Amino acid sequence: IFWAGLYLMACASTALGVLVGSSVGNPSTAIEFLPAVFMPQILFSGFFVPPELMPDWLAWVRWICPLTYGVKIVVAAEFDGRCDAASPPDPNYCDMVMENVGSDADSIWWYFLVLVGLFCFFRLLALYVLQSKARKFY
């Protein structure tokens, strides 16, 4: 589950990169835009900043970031039921990490489906952008 989650997160993130790359005119401009696309993913994924501490008008961004669902999958695969004996009873840091990220081991398959959906959405949107740019030349 861990490696499958990482793979799907990488696929969805590269699909987002392809969308950015197909939206601009040349590769150097795309490289300049990538930090503006990927840095918010790090901030809004819920790993560094818990979602309840984000402003309401900005918290919706986390739902379209592939890293959000990848982090939920990885955290659930890593911590669910495996650290009860290794972690001291109070406070249980594994449960705290899962709670901060908003990960639920029972919902892990939904996270996989959302990552597949985001991958398809970003790829199809990139295809549409490329087709609309190609119509200008033909």
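**Legends for close-up views of a predicted model**

View 1. The protein chain holds 5 helices and 0 strands, and, read from the N terminus on, its elements follow the order α-α-α-α-α. The model shown here is predicted. Taken along the principal axes, the box filled by the C-alpha atoms of the protein chain is roughly 65 × 30 × 25 Å.

View 2. A search of the whole structure finds 4 aromatic pairs. One of them is formed by tyrosine 69 and tyrosine 111, a tilted pair with 6.5 Å from centre to centre and 40° between the planes. Because tyrosine 69 lies in helix H3 (residues 66-79) and tyrosine 111 in helix H5 (residues 108-135), the pair ties together parts that are 42 residues apart in sequence. Both tyrosine 69 and tyrosine 111 are buried.

**View 3. The largest pocket.** The volume of the largest pocket is about 180 Å³, and its lining includes Leu16, Val61, Ile64 and Phe122. Helix H2 (residues 27-44) gives the largest share of this lining, with 4 residues. By kind, the lining of the largest pocket divides into 8 nonpolar residues, 1 polar residue and no charged ones.

**View 4. Surface and interior.** Of the 138 residues of the protein chain, 38% count as buried. The accessible surface of the protein chain comes to about 8700 Å², and 70% of that surface belongs to carbon and sulfur atoms.

Conventions: Residues are numbered from 1 along each chain as its sequence is written. This is a predicted model: local features need pLDDT of at least 70, side-chain atom pairs count only at pLDDT 80 or more; totals for chains, interfaces and linings use all residues. Side-chain values use heavy atoms; hydrogens and water are left out. Rings of Phe, Tyr and Trp (its six-membered ring) pair if their centres lie within 6.5 Å; planes under 30 degrees apart count as stacked, over 60 as edge-to-face and the rest as tilted. Helices (H or I, at least four residues) and strands (E, at least two) are DSSP runs, numbered from the N terminus. Buried means under 20% relative accessible area, exposed over 50%, partly exposed in between (1.4 Å probe, protein chains only). On a 1 Å grid over the protein atoms alone, a cavity is a set of points where a 1.4 Å probe fits but cannot get out, and a pocket is an open set with protein on both sides within 12 Å along at least five of seven lines; lining residues have an atom within 4 Å of a point. Grid points are joined across faces, edges and corners, and a volume is the space filled by probe spheres set on the points. Ala, Val, Leu, Ile, Met, Phe, Trp, Tyr, Cys and Pro count as nonpolar, Asp, Glu, Lys and Arg as charged, and the others, Gly among them, as polar. Accessible areas come from the Shrake-Rupley method with a 1.4 Å probe; for residues, only the protein chains shown count as cover.
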